[in-house]
Structures are given as structure tokens and as C-alpha cells.
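Subject: Structure handover

Hello,

Here is the structure I said I would pass on. My notes on what was found in it follow below.

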Number of protein chains: 2
Amino acid sequence: MLSEFDLIKQYFVRPARPAPLSPRAQLGIGDDCALLGITPGQSFAISSDMLVEGRHFFAGEDPRRLGHKSLAVNLSDLAAMGARPAGFTLALALPAADRDWLAGFSAGLFALADEHDCELIGGDTTRGPLNICITVFGEVAPGQALRRDAARPGDDIWISGTLGDARLALAGIRGEVALQEDAQQLAGARLHLPTPRVALGRLLAEGALAHAAIDISDGLAGDLGHILERSGVGATLDVDALPAGPVLATCASGHAALRRAYTAAGGDDYELCFTAAPARRGAIEAAGAACGTPVTRVGRIEAAPGLRLTDGQGQPLELRLAGFDHFGGGQ
Amino acid sequence: MLSEFDLIKQYFVRPARPAPLSPRAQLGIGDDCALLGITPGQSFAISSDMLVEGRHFFAGEDPRRLGHKSLAVNLSDLAAMGARPAGFTLALALPAADRDWLAGFSAGLFALADEHDCELIGGDTTRGPLNICITVFGEVAPGQALRRDAARPGDDIWISGTLGDARLALAGIRGEVALQEDAQQLAGARLHLPTPRVALGRLLAEGALAHAAIDISDGLAGDLGHILERSGVGATLDVDALPAGPVLATCASGHAALRRAYTAAGGDDYELCFTAAPARRGAIEAAGAACGTPVTRVGRIEAAPGLRLTDGQGQPLELRLAGFDHFGGGQ
């Protein structure tokens, strides 16, 4: 039987990295607390996400993908703040200490952590129904953070990357749409292995290019709604300008309603939605190009409250959209 | 039906406190991340604990007590580091959005949080088997932190407060011992409403009075073992010098073996075990008196590895002790 201490030692404690790689963690796993230093003048940006089997992922999900996704959704929150990743804690409830699962999960987790120089600094393991709780820490200058309440009338609304392929993959798994196997695979990568837009978020914050930002986890319309509500503004969104994922763009040609619904309210995209002054358009295009992340203008922040959807001709659109609510209706 | 947003708003978002009370949280609940400032020259001490129903608490546990205990076990980790509480995140999986449960849980949580000026700055809620994951943040000067690896041969070993009443209460609940109702109640308060020794931990750290420290969650012998292992030292512990809780002291008079087992390896005490140079005895007694927490000397750190238990006459004791391991044998 694998003990709790052996489990942590074998799968989650790694050799200390040389100081230039790890300037922030002053004391890691194995004490009552981890100690983390911070660059003078910076604030800590902190976010927690809890992933529950059967709710956020299917039972039997590949552990390597799950390790990736668990950290990715947290890094995406740092990205939406414009923060630089510094470290994370992992609390894990497991039905059993399964070596194959642990090896896969930790491999997926650490591969993404290393990509972002974000160290595992502590946590907790216990027996229980599968539950993964990650709390991530980043640094950001308080005045540069991309807050939800900072959108201004006249701002452009931008989207990073593409939308809708994650929702399409989910629809394929649920049998709501019929997808060919390669399309399911390709779209599935967006659902299971999301890419947190950390580099873009940092460029937007450090260059003071954007005002407000949020990451799109529950569907663009709902997430943009949080920016509008907290900023006390409204918006018009050109739904036909939304950049569809490559699989959705192919599969939904001729199905405008499906494409519109999945791009405007799909969920699980983990792209950034941000607002910025029109004067910044060139700089934002350049920032996107610099980090290899396409950026697309999709609408305008306005003083009048509410979210107005239009088609490519500027005509009002009615879409039946629902964001994801863990205690309400669901998506 | 209570939505996720309403749930957070009603039970966990509180009016912003005036600036002198809340200098650290620059941005709280409701954005992608919370932003937390830090005093220049300090490090962040960070700890995560996950509490699972049926593992860390009984199904149907009073939610108010559970709110207290969930934060208390985390504050206890800060105490063992000598850190000053700054804030915490709460991730919560709930089988259903039960208003009575939420009202009780949040009341217990916030009562303790306010006592320690430790703000809830963010988190996550989702539906799932009951699981409470708190990550707590504190400040400590890096050179003052009470680390597990800092015990030195010749150090005294100290215990705060008393030991064993929490284990006695558990024994009563399990029917391992028969307790009268008032004794069960009194001992139960130690099990369900532990007192994190934050003030003592800070005095020990800020006054450079102690070398190593740990909080006693899994039983003294096992937790002290972590200090010994990480410090590369051994110890002799006078088991009869261990301060028994008042209920245990009364109920176990004439049952030396029970008293010894519950004080030396009971678990769930959330007292501090710390080591300090003999020259600091007076200052440590004064620190305990200053914060109203009794402190007792119970042994000595030695160069020879291993933990040696003795009785009050210095004779070797053999106790069958087992720490708590979530994946191994259990306690």
C-alpha cells in the first residue's frame, strides 16, 4: 500500500531546481507552509479552481490530460489578470493511490507547469471522491492588472485564438452532433488540453494595452456579461465576427445557428476576452503576433447597459444562450 | 434554485472593510484572481488543506463547527510557521446548495477569520461530494520562519496547551471508551473547534525564540518525527510530562497507558510542538503567558537519530503508536 508520504515523495516532490530557475520558492513541499518571495512593488494574484469528477471531467478521463487541464484552467485565470505565474498548491482527494493514474496525472501537470516556470510548492493529499483543487499564484503590478471592472465605453472587444471547438467536442461526446473520428480528436484537444494565454495576458498588462479582461470558461456571452456588469457598461457583439475553431468552421459550414451558438456561448475555450481603446489596435495586433496568438476584434463597449448581438450585417440577432452555472440550469 | 453566483454573493461576499482593517486585499472576490499586497521584505507563507466528508469529519457534522475547523487547521499551519494571517481562498464542492448549511458554515468560518483578521479573498464553488479546500496566506520574514529542519541537538522540546482531549472525544464517539455526556461535550470542543496557536507562533518567530516548529495534527510522536527527520537529529520525549487535556486528565486517572497513548499520539490537537535553546526558557514562558497559552517542556533534541520515549522516572517506554496516514493504515 502506498502511504500518503510515499505518494507525495514519489509523484510530486521533484529535485530542487537551480536558483536562477527558481528565485521565488524559498521553501517548498515538506513544511507546514511553503514560503514564496515576491518582487518588490508587485502584488500576488491568486486564484483557486476545484475540479470534480463527473462535473468538470468524465469518469475515467485520461490522467495526463487531466493533470494538464487542472493547472491550465488556473493559469488561464492568471492570464486574464495579466499576471506572471509564480507557483501553485495542489490538494488532491483520490479514491485510491493508483500508481498509473498518479504517474500520468503528475506528468501532465508538470509538463505544463515547466512550460510556464510555475512551481508546485505545497498541498495536501487525502482519500475521497476524486477532487482536484489547485490554487495558483502570480505576480502583477497592482496598477497593471487586467480587472473585470475596467472596461470603458468606446473600447473595442477582442478575443484571443478561436472559439467553439471545445463545445463541439463535448457535443460529439454527448451525441448531440455526429463528428468523424479525426474531427472529434482535433476538437477534443481543445476541450481536454486547453492553452492558457499567459504570454498574451502579460503583454497586454505590461504594455498597458488593455483595460478589462476575463478568460472564457463558461461561454463568451456569459463571461463578457461579467465585465459589463462590473464595469457598469453595455456592448454590441458581432457574432459573425467571432473566430470559430478550425473544426467548427469546417463542420458548421452551412449551419450558421450552430456556429453562432458554439462561438458565442460554448464554454471551455479558455481564450481571453479583453477590451481596449481603439488607439491600441496596432499594438494589440503586434502583441498577438509576438506571442503567436491570433487576436480578433469582435465588438464594441457602449455606455448603454446590456449585451446586444448582431450578425455580420449589423442586424440584431436573437440567440438562445445559457452560460454554465454549477448550481443552476447548466449549459 | 440557488445559482452559483447567488450562493457566493449571499453567503461569502461581505461588504468591503475599511482600509485600516484590510490593508492587504487589493482586489477580492469577483475577478479572475484576487490581488494581495505584501509588506516589503516579508515572504508569503502558503498552506492548503482539503477536508473530505467521512474522512476528516463525520457526515452530518454541524456546519458552523465545520466552518470553524476548516479554517482553523489552515491557520494552525501558519502558526507553526510563525506567520501572520493575511487571507484565504475557499473552494467548496457541495452535494446541494442548502441554505441552512451555507449560513452555518459561513458563520463559523467568518467568526474565526475575523478573530485573526484573515480575509476570504476568492475561491470556487461547485456541485460534488462535500469537499472543503482552503488555501491560507500569511506573512513572515524569511529568516524568522519556524521551519521543520531547524531543530538542533541540545534544544528543549516544548508543547503548547494540552494534548489528548480531541482523541478522547473521538474514542467516545466511536464507542472505544465510555464517557459521561458532559465529558464528551467538553472533550468534543477540542475535536470540533480547535484553537490555532497563531499568537504564540508569531511571538516565537518574531522574537527568534524557537528553532523548529510543527503543528500537531496527526499525533505528537509522528509530527515530532517530521522535525527529527528533516533536521537530521533525534530526541528523548518524557511521555509523562506531556500536558493532558483536562477531560483526559480526569478520566484517565489510573489508566496511565491510555493517557500516554492519547497525549503522545492522539492527533487532532492542533497544538504547537517546537524546539528552542535552553537559554530561551524564560522568554518562552513569558511569550506563553503574554498570549494566554500554556507552554510545557517535554523533552530534549539529541544528535543520535530516533525518538526515545521515557516515563517520568526516565525509564524507557514502549508505546504502540501510529500516526494518521490517509492512504496507509490509519490511526
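Between domain 1 of chain A and domain 2 of chain A there are 6 residue pairs in polar contact, both residues at pLDDT 80 or more. A polar contact is a pair of N or O atoms within 3.5 Å; within protein, one must be able to donate a hydrogen and the other to accept it, and residues adjacent in sequence count only if both atoms are side-chain atoms.

On the side of domain 1 of chain A that touches domain 2 of chain A, two elements give two or more residues: helix H2 (63–81) and strand E4 (84–94) of chain A. Helices (H or I, at least four residues) and strands (E, at least two) are DSSP runs, numbered from the N terminus. H2(A) supplies the largest share of that side, 11 residues. By class, the side consists of 10 nonpolar, 4 polar and 5 charged residues; Ala, Val, Leu, Ile, Met, Phe, Trp, Tyr, Cys and Pro count as nonpolar, Asp, Glu, Lys and Arg as charged, and the others, Gly among them, as polar.

This is a predicted model, in which local features need pLDDT of at least 70 and side-chain atom pairs count only at pLDDT 80 or more, while totals for chains, interfaces and linings use all residues; side-chain values use heavy atoms, with hydrogens and water left out. Residues are numbered from 1 along each chain as its sequence is written, and chains are lettered from A and ligands numbered from 1 in the order in which they are written.

The domain bounds, from an automatic or database assignment, are 14–140 for domain 1 and 148–310 for domain 2 of chain A. Their centres, taken over C-alpha atoms, are 25 Å apart. Contact (heavy atoms within 4.5 Å) involves 19 residues from domain 1 of chain A and 18 residues from domain 2 of chain A. The two domains of chain A bury about 1,600 Å² between them, counted as accessible area (1.4 Å probe) lost on being put together, summed over both.

Now the two chains. Of the contact residues of chain B, 100% recur in chain A. The contact joins 68 residues of chain B to 68 residues of chain A, and about 5,400 Å² is buried between the chains, 59% of it on carbon and sulfur atoms.

There are 4 salt bridges between chain B and chain A, each a side-chain nitrogen of Lys or Arg within 4 Å of a carboxyl oxygen of Asp or Glu. One of the salt bridges in the model pairs Asp32(A) with Arg148(B) (3.1 Å, N to O).

Regards
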